[in-house]
Amino acid sequence: MPTHARIAPRTAGAARARSWWGKAWLRAVEEAAYGDDDLRKGRALARAGKVGGIAVEPGGFLASVEDGDAVATVTGSVPVLDGAATESLVETVAAESGRVAALLAGDLPHGLVEHAEEVGVELLPYGGELATRCTCEPWTDPCRHGIAVLQQIGWLLEADPFVLVALRGLERDDLLARVHAASGASAEAPPDPLDLDLDVAAEAVRVAADLLTEADQ
Amino acid sequence: MWVPGVTVTVLLPPAGREVSRLSFVPVSGPATFRAADSPREGVVEFTGGGRTVAMPIRGALPVLTRAPARDEAHPSVRLIAGAALLGLRIVAAGGFEPDGATWRPRPGADDAERLRRLAGDDEPARQLVDDVVAAVIDAVPRSAPAPSRARPVAPARPRPDFRERLATRLRHHEQGASSSSLAQLVRLSLRIEADEEELRAGAVRVVPQVHDEHDPMRLCDAALLWTGDGVEHGFGDRARTHAAIALRSAAEAWSPLDRLLELRVPDQITLDTDELVSLLDGGVAALGARGVDVMWPRSLGRDLTATAVLDRRPGLEGPQEAPLQTGMLTQDALFSFNWQLALHGDPLTDEEMDQLAASATPVLRLRGQWAVVDPSLARKARKRLIRTATPAQAVAAALSGVAEVEGSDADASEVIVGASLLKVRDQLLSAVDQPPVEVPAGLTATLRDYQRQGLTWLDQLTSLGLGACLADDMGLGKTITLIALALHRAGRDGGSGPTLVVCPASLLGNWQAEVEKFAPGVPVRRFHGSARDLAGLSGPEPGFVLTTYGTMRVDAEVLAGVPWDLVVADEAQHVKNSRSATARALRTIPSKARVALTGTPVENELTELWSLLDWATPGLLGSRQAFRRVWAAPIESGVDPAVTARFRELVSPFLLRRRKSDPGIAPELPPRTDTDHLLSLTREQVVLYEAFVRDAMDRIERADEHARRGLVLAMLTGLKQICNHPSHFLKQGSLRKSSEKTDLLDEIVGTVLAEDGAVLVFTQYVAMARLLAGHLDQQGVPHQLLHGGTPVRDREAMVARFQSGDVPVFLLSLKAGGTGLNLTQADHVVHFDRWWNPAVEEQASDRAHRIGQTRPVQVHRMITTGTIEQRVAELLQRKQALADAVLVGGEGALTELTDRELRDLVTLRPDAGREPD
């Protein structure tokens with residue numbers, strides 16, 4: 001299960017969502033919350049960096065939250081896409097050559113999400129789809145710990161929309177491999193996203209070596 | 001050398017632009033590095049030669065890697081360069097990894113050690129080195145780490161460490177495992193295609209294609225990369241993703257490409273006219289900045305260029321091929337810069353340029369072919385006149401190939417010189433080699449060959465309406481050459497009008513005498529003192545008017561009312577400061593031609609040269625400010641030797657300087673012998689000298705900054721007086737006793753009298769000259785004394801008396817008698833005391849050693865050993881910088897010496913005193 005590093009405390013300004021999908025996620029969290037009090041406390045915990053590393057897996061997440069002297073552990077779930085919906089999502093991403101590049105650049109194109117909705121795939125959850133359980137045995141679901149974790153997941157998926165796709169059951173590598181297969185005629189090995197960096201890095205090694213050779217002349 | 005018809009660039013040659021640009025980056029001054037939030041966006045700021053150049057770190061790398069090899073590199077440049085090289089070594093060794101959106105170093109232990117060694121213990125230097133290394137490491141990879149910014153710390157599937165994987169990859173590359181490692185990293189380019197039908201509609205297609213990053217010649221269409229497999233397109237399985245990323249980046253640069261991103265297979269899009277205009281107008285450049293080239297088919301006539309052509313204004317003054325007329329460069333001649341468009345180098349006709357200007361779309365048919373025309377070119381075709389130019393500006397551009405073309409586009413960089421202007425240029429460049437003009441009939445002298453050559457040159461330039469500066473060495477006969485020029489001009493058709501000579505007062509007589517002697521019958525009058533009559537100048541025999549700079553300044557308005565044919569500024573260094581009242585007054589006097597005469601070299605003092613040439617040929621070198629910007633600043637900073645060379649090409653046709661030492665110039669001059677007489681001090685002089693040094697140095701060492709300067713100058717003066725003679729220092733009315741200097745002078749005077757010769761005695765002190773005069777009186781030796789206070793009329797009488805042989809000894813103060821006078825009667829020249837500037841002494845010696853001299857000339861310099869007279873000469877030889885300062889500023893520069901240096905300079909050396917008899 002991929003785990004994201006603990007997030008350092010943020011100011012209120014830095015905690016606000018900037019992208020349209022980040023805003024949509026945080027609106028869903030607001031919908032899910034029972035009352036303003038939980039929401040306020042949950043957000044405060046998130047901003048104060050009280051949430052530990054967040055593990056994200058298809059359909060769910062797990063994280064611990066420090067609250068005073070106590071530590072609460074939150075597990076949560078998001079409905080995963082079924083096989084047909086997954087196919088549709090892959091097809092939607094592959095339909096435009098710019099979409100993979102946009103996702104890799106940390107962008108979730110509005111057109112992609114709208115296009116997916118048209119074929120019946122809801123990528124962004126609504127409030128009722130966000131379910132959490134917490135070791136603090138709360139009266140309400142989500143409790144302030146759950147809200148803190150959901151809030152931070154919002155930050156994660158704002159920076160990397162693949163996190164959202166992963167929550168919906170499709171991990172980044174799988175998505176890329178299936179898009180790759182779907183967009184072309186060939187059935188090649190799936191591209192490892194880290195290999196993209198490796199390509200750029202290997203080229204840089206070469207450029208640096210050339211510059212050094214020039215300097216010696 | 002500059003060849004007719006060849007395009008000359010205004011700023012930088014288009015070919016090899018990269019290299020010139022890099023060598024243009026100054027590294028001699030302190031450089032700074034400005035780190036940015038994103039390390040790759042850090043900026044290096046270079047300074048030097050009065051310029052500042054800021055470059056992003058990636059662009060600065062080629063400068064930095066070469067900087068350590070450049071001698072002039074500033075230590076701060078070396079530090080940044082060292083850090084950059086360290087960064088490059090870390091990258092080359094694969095010691096870096098992605099961290100969010102940044103490539104970060106993973107320095108090994110030895111890297112840390114090298115960092116420390118580079119920066120030492122200096123904390124700011126360490127920070128600088130750290131910042132530069134971080135910037136280099138982030139900037140060398142062509143793009144930021146591609147995937148998300150939120151990378152899981154514990155990924156779903158465990159992978160080997162990035163560095164290991166990179167090392168493995170690099171090993172693969174080294175082993176040349178070509179078949180298994182198909183190219184992954186691709187560069188994007190856009191190919192433009194169009195068929196006849198599309199062109200008629202003003203549209204084209206954009207077809208994206210990808211290139212192997214290492215081998216740009218290996219390419220395929222994006223369509224094939226998306227639909228084919230590796231066997232078909234030859235690229236690796238990640239190439240498509242890299243291509244998509246590159247495409248997205250290209251669309252950020254130029255938004256119409258967004259439509260390609262919306263395609264499942266980005267094979268091509270069609271651009272309408274508006275989009276094509278947008279692509280041409282800024283899209284190509286924006287894409288280029290992201291490494292995306294746009295490729296145009298040759299059939300689309302993209303080889304369309306614009307050059308600025310400089311020539312006579314078409315259509316204003318009859319046919320352009322009219323024969324070159326005398327005075328074609330008169331002030332009312334009009335020139336202009338015009339855009340000339342050319343297809344594959346063939347100039348377009350005016351009709352074709354009109355058609356191009358009128359076209360509503362950038363796609364049009366030109367000479368039976370389709371052409372895609374940049375909007376900037378269309379604008380040039382629409383407004384072809386760039387600006388008008390004065391004749392002087394036109395000549396300047398033709399000579400130097402440099403012109404400031406302020407068009408609507410900054411890329412207006414090429415100037416072509418038109419046919420009629422080329423003729424002028426050739427005439428100018430060959431002026432000095434033209435067959436010599438006939439010596440005017442009215443001249444009762446034989447011109448020497450080089451004088452006739454000078455006359456021819458002056459005639460060529462002045463008849464073109466241009467001014468000239470004749471800067472021959474003194475004694476080569478500039479006066480007679482000018483008289484010949486005036487007579488020659490008067491003898492031509494329509495060449496009428498008087499000649500005005502402006503000169504120092506001491507030369508009025510010389511000019512009058514030479515005009516009367518060499519042009520007998522030609523009226524010559526003075527406009528000076530009480531004689532200020534300009535009546536009758538418009539008659540058939542206008543002749544010469546002689547005036548002084550002082551009178552000219554006061555009466556410029558009156559003088560400006562005369563239709564002068566020629567105005568001559570003799571000893572023109574008097575107007576080298578263009579802002580002085582005299583220079584400004586001189587500029588207000590109009591004439592058909594202007595000639596400056598000077599015997600001092602001017603070509604190295606750029607501002608003075610500007611003043612002289614801007615008077616002689618107004619506008620040639622542009623305004624003072626423009627001159628500083630275009631010429632003086634780049635030349636003085638010494639950045640680009642080509643600028644200096646172009647400047648020489650520009651000014652050399654207007655300057656003629658021959659030296660006496662030049663072969664064939666003055667072979668008839670008899671030999672000259674220079675002797676330095678090393679003399680000792682008398683016991684009285686030694687005592688005086690040492691006591692005065694002690695006392696003066698005491699006061700100097702105690703003086704504040706302000707008083708010090710005056711004290712130092714007073715001490716130098718006093719010491720030189722003691723060296724001359726104690727009576728000089730003690731301000732006595734007559735010489736009591738003798739000094740070795742006066743003994744030697746007596747000896748020389750004795751020789752002169754015995755041989756029936758004549759001697760010039762130069763001293764810089766009028767008081768000393770008076771003492772010597774009294775001394776000569778006592779001995780009954782006829783003599784005369786000329787100094788700054790001698791009235792003009794008396795001076796002329798003195799010169800005449802001396803030249804006639806009536807007076808064998810002529811005492812002159814160096815300042816009053818050092819220039820201009822013709823004293824060839826003398827065969828001995830004595831420099832009684834030292835003037836530190838050899839050029840000044842040289843000019844004084846040349847009063848005797850000049851044309852007209854028939855006997856060998858002996859020059860005697862009197863130097864007292866061990867004293868300041870000898871020591872300053874040594875010091876100046878040793879310290880070139882100080883010598884230069886003294887040459888420019890005189891003794892004042894010596895006041896900058898420290899107390900210790902000063903004491904060392906003035907303390908009497910033991911070998912100074914006269915041995916006890």
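How do helix 17 of chain B and helix 18 of chain B lie to each other? This tour gets there at its fourth stop.

**Before you start**

This is a predicted model: local features need pLDDT of at least 70, side-chain atom pairs count only at pLDDT 80 or more, and totals for chains, interfaces and linings use all residues. Residues are numbered from 1 along each chain as its sequence is written, while chains are lettered from A and ligands numbered from 1 in the order in which they are written.

**Stop 1: chain B as a whole**

Select chain B. Its secondary structure comes to 36 helices and 31 strands. Helices (H or I, at least four residues) and strands (E, at least two) are DSSP runs, numbered from the N terminus. Chain B has 917 residues, and 43% of them are buried. A residue is buried if 20 or more other C-beta atoms lie within 10 Å of its own, exposed if 12 or fewer, and partly exposed in between; the C-beta atoms are placed from the backbone.

**Stop 2: the cores**

Select Ile80(B) and Leu247(B). These have the most contacts inside the largest nonpolar core, which has 136 residues. Helix 3 (residues 75–92) of chain B gives this core its largest share, 12 residues. A nonpolar core is a set of buried Ala, Val, Leu, Ile, Met, Phe, Trp, Tyr and Cys residues joined through C-beta atoms within 7 Å.

Now show what surrounds Leu247(B). Leaving aside neighbours within four places in sequence, its contacts include Ser97(A), Gly98(A) and Ala101(A), and also Leu188(B) and Pro208(B). Two residues are in contact if their C-beta atoms, placed from the backbone, lie within 7 Å.

**Stop 3: a seven-stranded sheet**

Stay in chain B. Look for an open sheet of seven strands in the order 21-22-20-23-24-19-25, with parallel pairing. Two strands pair if DSSP finds at least two bridges between them. Strand 21 (524–527) and strand 25 (655–656) stand at the edges. Each has a single partner strand, so one side of each is left without a neighbour in the sheet.

Move to strand 23 (residues 564–569) and strand 24 (residues 591–597) of chain B, which pair in the parallel sense over five bridges. Val568(B) stands opposite Val595(B) in strand 24.

**Stop 4: two helices**

Select helix 18 (residues 478–491) of chain B. Helix 18 packs on the sheet, touching strands including strand 19 (468–470), strand 20 (499–503) and strand 22 (544–548) of chain B.

Helices 17 and 18 pack at an angle of about 45°, with their axes 9 Å apart. Axes are lines fitted to C-alpha atoms, for helices over the stretch in contact, and angles run from 0 to 180 degrees between N-to-C directions. Helix 17 and helix 18 of chain B are therefore oblique to each other. Angles under 35 degrees count as roughly parallel, over 145 as roughly antiparallel, 65 to 115 as roughly perpendicular and the rest as oblique. Residues that meet here include Leu455(B) and Leu458(B) in helix 17, and Ala484(B) and Leu485(B) in helix 18.

**Stop 5: a buried glycine**

Select Gly599(B), in the loop between strand 24 and helix 23 (606–616) of chain B. Is Gly599(B) buried or exposed? With 22 C-beta neighbours inside 10 Å, Gly599(B) counts as buried. Beyond four places in sequence, Gly599(B) is in contact with Asp473(B) and Met474(B).

**Stop 6: an enclosed strand**

Go to strand 27 (residues 759–763) of chain B. Five of its five residues are buried, so strand 27 is largely enclosed by the rest of the structure. Val759(B), Val761(B) and Thr763(B) lie on one side, Leu760(B) and Phe762(B) on the other.

Show its partners. Strand 27 pairs in the parallel sense with strand 29 (residues 809–813) of chain B over five bridges. Four bridges join strand 27 to strand 30 (residues 828–831) of chain B, also parallel.

**Stop 7: hairpins in chain A**

Switch to chain A and select strand 2 (residues 54–57). Strands 2 and 3 of chain A form a hairpin with two residues between them, and Gly59(A) in the turn has a positive phi of about 80°.

Finish on strand 3 (residues 60–67) and strand 4 (residues 70–77) of chain A, which run antiparallel and are joined by eight bridges. In their hairpin, Gly68(A) takes a positive phi near 65°.
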